[in-house]
Structures are given as structure tokens and as C-alpha cells.
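Q: Please examine the aromatic pairs of this structure closely. How many aromatic pairs does a search of the whole structure find, and which residues do ring pairs link into a cluster?

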Amino acid sequence: MPKHHAYPAAFREQLVALVQAGRSPDELAKEFEPTAQTIRNWMVQAERDRGVRTDGATTAELTELRQLRRENKQLKIEREILSKAAAWFARETGTIPKASSEDSRS
């Protein structure tokens with residue numbers, strides 16, 4: 001199984017800057033830990049972030065997407081808990097809560 005490392009943003013930016021200054025990803029891969037392909041991937045992402053490429057999401061968009069997915073997951077969990085609580089309450093009290101559409105008519 002391949003290793004997965006989370007490199008600090010400053011480190012990634014420094015390697016991208018070195019490639020932009022003329023060093024090759026293969027050369028940097030021998031000197032530093034990331035593979036040449038990883039460094040190339042960072043180059044592509046940096047180009048997306050600068051607007052040079054439009055073939056994928058920017059880092060900001062990917063960050064927002066991760067956050068929205070996390071929030072969506074939490075909301076689904078909370079909705080499920082509320083649904084179960086309402087069902088329990090209805091069984092315990094012998095009443096059925098009004099539907100939300102009926103509440104809006106009052």
C-alpha cells in the first residue's frame with residue numbers, strides 16, 4: 001500500500017517555486033521525499049489556483065467542498081436523531097405530531 005504524507009503548505013509552495021525557477025520534479029524528488037509525480041501534481045494544482053488552468057477545482061473550492069460534505073453529513077445525522085426522537089415521543093404519548101404543512105396554516 002502506498003504511503004500517504006500530508007506535507008505542509010509552505011513546503012509544497014517552496015517545491016513549486018523551485019520548479020518554476022527551473023529545477024525539474026525528478027531532480028527535486030531525489031533531493032526531497034515527495035515523488036516527482038507528487039511534485040507535478042502540486043504544480044498542476046498551483047496553476048489551477050492561479051487561474052492558469054481550468055480543468056479542475058481550486059484549492060479553495062476543494063476546501064469548501066470538504067467542509068460542505070462534513071456539514072451535510074452532520075445534518076443528516078441530526079435529522080435522523082430528531083426523526084427517531086419524534087417517533088419515540090409519539091409512541092410514548094400516544095399522539096401523532098402535526099405535519100409541518102398543517103403548522104404553517106395556523
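A: Phe-11 belongs to helix α1 and Phe-32 to the loop between α2 (25-31) and α3, so the pair ties together parts that are 21 residues apart in sequence. Helices here are DSSP runs (H or I, at least four residues), as are strands (E, at least two), numbered from the N terminus. Phe-32 is partly exposed, its relative accessible area being 29%; buried means under 20%, exposed over 50% and partly exposed in between (1.4 Å probe, protein chains only). Ring pairs link Tyr-7, Phe-11, Phe-32 and Trp-42 into a cluster.

This is a predicted model, in which local features need pLDDT of at least 70 and side-chain atom pairs count only at pLDDT 80 or more, while totals for chains, interfaces and linings use all residues. Residues are numbered from 1 along each chain as its sequence is written, and side-chain values use heavy atoms, with hydrogens and water left out.

The mean pLDDT (the predictor's confidence in each residue, from 0 to 100) of the protein is 90, and 87% of the residues score at least 70. Where pLDDT is low, the predicted coordinates should not be read in detail.

Methods. Rings of Phe, Tyr and Trp (its six-membered ring) pair if their centres lie within 6.5 Å; planes under 30 degrees apart count as stacked, over 60 as edge-to-face and the rest as tilted.
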